[in-house]
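Subject: Structure handover

Hi,

Here is the structure for you to look over. Please open it alongside my notes.

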Amino acid sequence: MKKQIKNNVSWVGKVDWELLRFHGDDYSTHKGSTYNSYLIEEEKTVLIDTVWMPFAEEFIANLQKEIDLNKIDYIVVNHGEVDHSGSLPALMKLIPDKPIYCTANAVKSLKGQYHQDWNFHVIKTGDKLDLGNGKELIFVEMSMLHWPDSMASYLTGDNILFSNDAFGQHYATEKLFNDLVDQCELFYECIKYYANIITPFSAILRKKLAEVLSLNLQIDIIATSHGVIWRDDPMQIVEKYAKWADDYQENQISIIYDTMWNGTKELAERIAEGIGLADKDVTVKVFNLAKNDDNDVITEVFKSKTVVVGSPTVGNSVLHSVAGFMHMMKGLRFKNKKAAAFGCYGWSGEGTKFILDSMKSAGFELIDEEGLRNQWNPSESVKEEAVRFGMKIAKA
Ligand code: FEO
């Protein structure tokens, strides 16, 4: 059902309460998500984005209850990824000639995904679309935030920025607006979204934020494509993004490991003890990768100043959970973080070096070039050594 955002602007999206995994299986969405689509009904009628393909039929049926589809003058595609463009093939079968406004890269992605030659109108930053009643849509390219095709659209008069993925979060709610939901849940999903999706583009984001702020646009509402619409102090999420984009860290050290027979687990806990003894102010958190959600742990890495990674040696390397997690960290291109490594082994013992090499190539500064290696299960003296290793990490 259509829900009013402001004046003649409404939400016509889909709340997906059931969604537990996103981007295939790569992102956990414990709180579901929403696919936000918007309808602007001025002298001209505009549809901004659609919803994910499995909900296309429902989306179109709901839209038809609100308006005659032939009344839509323009379709704006802020981003071609399937969670926002997935209903276009079904929609365009009903209104095949309607113009689609999007970036040149979005044309490539839409053609690549749907193999249709729709009536595309390519926009560049600063291009405007007159909607009548004194209102215009102004387009801003947002390349690499987070795809090369991304853009945002700004509605004058109502001062609404349709930001697409930027400032969004995977959070299912019927409440629609940021001031109506649990703030802890909301900001956790925001930082998780930033940590897992936006981090590699932080440098681009810093420049883009400066560019958008220099336009001096009055922004009363930020209407994202996932989760809540920011109407209460919308600039608070922009300020958070500016902070997160600035190689963010808190006074936190995270110990991340997997274990076979609990020897590496024992080291993890003793290292945590040592950090706690050496620094009473630092937050220490310990995560077994086999038992924790990867995307939640990535969020903790994002908040950490130091990450300590452990694995037993297996097959001259590390456990696959640890290898996969280091692959995720490398792809996210974290900056300004330190690392250390540890692990038990029975025979050859290359695991710790494998971790150190991987963390170095992922851009982490190594605190200790050797790491803490222990053959067989930790003895009492090795446990004490692990406590001292933790103290050294805390002081680094
Ligand atoms: Fe929500 Fe990049 O799609």
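Below are some notes on confidence, a set of strands and a few backbone details.

This is a predicted model, in which local features need pLDDT of at least 70, side-chain atom pairs count only at pLDDT 80 or more, and totals for chains, interfaces and linings use all residues. Residues are numbered from 1 along each chain as its sequence is written, and side-chain values use heavy atoms, with hydrogens and water left out.

Confidence: pLDDT is the predictor's confidence in each residue, from 0 to 100. The chain mean is 97, and 100% of residues reach 70 or more. Helix α6 (residues 202-214) has the lowest mean, 92. Strand β17 (residues 252-257) has the highest, 99. Helices (H or I, at least four residues) and strands (E, at least two) are DSSP runs, numbered from the N terminus.

Strands: look at β8 (residues 45-48). T45 and L47 on one side are buried, as are V46 and I48 on the other. Buried means under 20% relative accessible area, exposed over 50%, partly exposed in between (1.4 Å probe, protein chains only). Strand β7 (residues 38-41) runs antiparallel to β8, joined by 4 bridges. Pairing requires at least two DSSP bridges. I40 stands opposite V46. Strand β9 (residues 74-76) runs parallel to β8, with 3 bridges. There, L47 stands opposite I75.

Backbone: the L145 to H146 peptide bond is cis, with omega near 5 degrees. N7 is not a glycine, yet has a positive phi of about 45 degrees. N7 is partly exposed, at 44% relative accessibility. H115, also not a glycine, has a positive phi of about 55 degrees. H115 is exposed, at 64%.

Best wishes
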